[in-house]
Amino acid sequence: MLYREAGQFKTSYEADQAVFPIRQDRWVIAVVLIVALAAVPLVIEDYWTNAVMLPFLVYALAALGLNILVGYCGQISLGTGGFMAVGAFAAFKLTTMFPGMNLIAVLLLSGLVTAGVGVVFGLPSLRIKGFYLAVATLAAQFFLVWLFNKVEWFYNYNATGQITMPPREIFGFLVTGPAAKPAVKYLFALSFVIVFAVVAKNLVRGRIGRMWMSIRDMDIAAELIGVRPLHSKLSAFAVSSFYIGVAGGLLFTVWLGAAEVTEAFGIDKSFLVLFMVIIGGLGSVLGSFLGAGFLVLMPILLKNFMVGGLGISPVVAKHVEITTMGVLIILFLIVEPHGLARLWQITKEKLRLWPFPY
Amino acid sequence: MGDFTFFLETTISGLMTGVMYSLVALGFVLIFKASGIFNFAQGVMCLFAALTLVGLMEKFGLPAWLAIIATIGVMIVLAWLIERFVLQYMVSQSPIILFMATIGLAYVLEGVGDLMWGSDVKLLDIGLPQGASDWMLDNFNIYVEKLELVAGVVAAAMVAVLAVFFQKTRIGRALRAVADDHQAALSVGISLRTIWVIVWSVAGIVALVTGIMWGSKSGVQFSLSLIALKALPVLILGGFTSIPGAIVGGLIIGVGEKWAEIYVGSLVGGAIENWFAYVLALMFLLVRPQGLFGEKIIERV
Amino acid sequence: MKLKIFTTLLVAAALALPLAASAGAYELNVPSLTYRTGPYAPNGIPFANGYADYWNLLNERDGGIEGIKINLFECETAYNTQQGVECYENTKGQNGGSLIYQPLSTGITYQLIPKVTEDNIPLFSMGYGRTSAANGKVFPWIFNFPATYWDGATAIMQYVADREGGMDKLKGKKVALVYHNSAYGKEPIRTLEVMAAKYGFELQLLPVDHPGQEQKATWLQVRKDRPDWVLLWGWGVMNQVAIKEAASVRYPMDHFVGIWWSASENDVLPAGDEANGYLAATVHAAGAGFPLHQDIFKFLYDKGKGAGERERVGEVLYNRGVLAAMWTAEAMRNAMKIHKTKEITPAMLRDGFETLKVDEKRLAELGLKGFTYGIEITCANHSGPGKAAIQQWDAKAKQWNIISKFYDRMDEITGPLIEEDSAGFAKESNITPRSCG
């Protein structure tokens, strides 16, 4: 009843092609943004920032990047952890080499560095396809981690290879380091995610996004109608790696503040982000957020529910939590194989007809 | 020790390690061949099988042979459960969705295995020989692990049995038919669901064998599930659909990474074998994008 | 729809959680970050059990510390940094504030160092974590006594020198270090390099990647080069495989020395008789023969209140958990004494740590005579005396025996390294080292 587009007439091409053509969608987005930008910072504290919101935002950004590659361009990548490490170490080197550099610039430059690395490791995709391509990106994953662990220059020659983020300010507000206010950290990460989500949404509906999707749907056919595979695949690798690099930079600088490459950027990160993309929905910007939300928040929710709510011992709760996550994943795939984003879409379609579905 | 002897020893050790990798890869290949599913849960299945085996031996005091038979029974039941509650809803989904479903499965098996048997490290001793072969060491000064010799024999036997099973038996033919084309197979009266139960059972048994081999080496514990990572380059190199490919791929990766670690690794600071395995697989793939023994990729518009 | 209701319920339960905290009488809040799951669970379980048993014993036997009950609560990290952070943020304010953190993980320790410094909660990384945190001027909230990895490295090398017949005999010897390729495993390299240069032995570095199930290449190199000594800096499954492989290549076990984290029953038992004679550094004795353990049996296990299995009380890692809890409890007692209040805050506990003195006499009172050595912590030195002994595994009797004296650390080696590393950290993080009176 409420969610209905009847009576909303489009009078211009721009209006017809808007990101959110339906008025109710725009309201929802506006409300979400206002809550996220204005209401949340007022109440957020350490726990919600460090354990809930920052992981969610960082992973959402990484999932967004990976979704561009896997969901839109159809190239499977298991190198996410390695590319996040590039972003993190680039940020560390830049900010310790040039302490005066603005953190936003540091993160964007880290993204650029990662994009370059991503293109190099994307080259084999021109010849190798499908699951086989995963090997090229896995090679990247293991090689990059080894490199950052081995070459002392990357961690400024300290004794163990742990990197720690020094405190940095933006517009007079401390953003990194333990003394930074939770709300500041949250807003900083959030603004990155919002800007990048808007950019992504527009990229994928534009010319370049259509190019990617044509490669994904059938690369030979795309080639025949004049889409250059080299250009599109490598651009997807570049853009995707850029996002992932910035996510890695945020992970290190704002969220964790200290990292060790073998632990923080191992192969399990690569898998985790890929799971988020698949669970959330391949080829969907919203799906990246839903997937990240599901895999970051659900375990915490289950844990707090079982340990705090039911008083189960933490160990048993952990086992049950893992099992439950597995069951939920399978359940979701049976109910809707195309991810949470598709589930949302179906809900919206049902809402349009509600309460008179005939 | 002479340089040549050492080279020989490195090569032999590499081959032996390769066989151990092949065992893990075999389980992947079986399932991929028959259902096109990349089974992420294979590593956890190894852990689960080994945990069950140790649990039965420790908690119920069963002798090794009886425990193995009982564990095989458990793995068959597991295969049936997987088909009943997961796979039958997933017919004709895209590969990546099936892959994701097996990830869910991996979570469940890990959680249930831990809940049932605890996450302590457990010793697995079913009487397999351990340590270096003294005879080889004394006569030729070459170091060969006895357990790995056994693994080699077991792998060879398993491949032989599987080859006969796939080529000569009725069920084997049905399996190949399903692998070729689900719908065509269904239309000539092959039950997809039965076939899936059979394939997952066989993969479960392979997982048990793998679990026994690796578990005897390092004790049964969570890390056992991580050996799946070692099988990935093997799998990719050998091709996802070829049983001989898994073996040959394993041998190439095993030898290649040992050579690299010892002759190149010592120059650049070591621990390169992990990524080198993937780089090696990558180099092969650039020449043959479908893997060594994979089916030729035919693309049509 | 059912799913939605379920989710809503979950959310509600999770949100209601912080409110559920009851405001009862003052208790000593001791969070225990455990890992009873995940790849390192076999090591995490006995430590967590020992840690829990000691606190519970204090509650059961003495009614707490100076009459104040201890509130011990566990949070599962699975040895994962991210979950460790979640646990820290979740527990630090619980029940009115946690007093102390002991994550038993290098990764989580590094993660928490800046956080606890900001939140003013002491962090006790007993024999692990960041070595240069020994410098109390730069790291006022971090304690890593009784000994750091660098102390351990010098102790092991002194033992090696004793066996070889003196420090000057090290010249021309070859020492291999087989290490976990992570921050933890890389810890001793600097120290050993300095010592190698000073005493003229050759150091061979053999990294092993996580998890370390496959170490063939490493041990082939050991077999070929036959180093005179092999040191092991491993964790988890890597230890078991390393000891087994060493036995397979017939490397003599009495020339194979592990750090204290490569020395639990879990590590040597899978290798069976072949592990006989394996050496490892330690800061305390193994076994359940101490009066304290009898109390643990009497007050906990006989009443079914033990955290683990009865027969595993007294294992190396179990005893280490007991030791960590014991020193923390003594620091609490000390804090109560110097601040003349029983309701201590984390900041008071820090003072308690910084002036902590547990000598042989006090150990005997605690029922731990000969369990470990006496320690004294000061404002500048947070790593204590840094002594370590060597223990040897007896595969027949299935027990560890301490076979050497407790070696003092070599200050001339580790001192400058700690100074250098902590100064680097201070500079990077804009910390001005405080002065110690």
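H1(B) and H7(C) cross in a right-handed manner; a crossing counts as right-handed if the near helix is turned clockwise from the far one by less than a right angle, and as left-handed if anticlockwise. This is a predicted model, in which local features need pLDDT of at least 70, side-chain atom pairs count only at pLDDT 80 or more, and totals for chains, interfaces and linings use all residues. Residues are numbered from 1 along each chain as its sequence is written, while chains are lettered from A and ligands numbered from 1 in the order in which they are written.

- Helices (H or I, at least four residues) and strands (E, at least two) are DSSP runs, numbered from the N terminus.
- Axes are lines fitted to C-alpha atoms, for helices over the stretch in contact, and angles run from 0 to 180 degrees between N-to-C directions.
- On the H1(B) side you will find Phe6(B), Glu9(B), Thr10(B), Ser13(B) and Thr17(B), which meet Lys216(C), Leu220(C) and Lys224(C) of H7(C). Residues are in contact if their C-beta atoms, placed from the backbone, lie within 7 Å.
- That contact has 2 nonpolar, 3 polar and 3 charged residues. Ala, Val, Leu, Ile, Met, Phe, Trp, Tyr, Cys and Pro count as nonpolar, Asp, Glu, Lys and Arg as charged, and the others, Gly among them, as polar.

**Helices H4(A) and H6(A)**

- Within chain A, helix H4 (residues 80–97) and helix H6 (residues 133–150) cross at roughly 35°, and their axes come within 7 Å.
- The crossing of H4(A) with H6(A) is left-handed.
- H4(A) contributes Gly81(A), Gly82(A), Ala85(A), Val86(A) and Phe89(A), and H6(A) contributes Ala140(A), Gln141(A), Leu144(A), Val145(A) and Phe148(A).
- By class, this contact has 7 nonpolar, 3 polar and no charged residues.

**Chain A's partners**

- Between chains B and A, 39 residues of chain B touch 34 residues of chain A. H4(B) supplies the largest share of the chain B side, 15 residues.
- That side of chain B has 30 nonpolar, 6 polar and 3 charged residues.
- Between chains C and A, 39 residues of chain C touch 35 residues of chain A. H4(C) gives the most to the chain C side, with 7 residues.
- That side of chain C divides into 13 nonpolar, 14 polar and 12 charged residues.

How values were computed. Contact = placed C-beta atoms within 7 Å.
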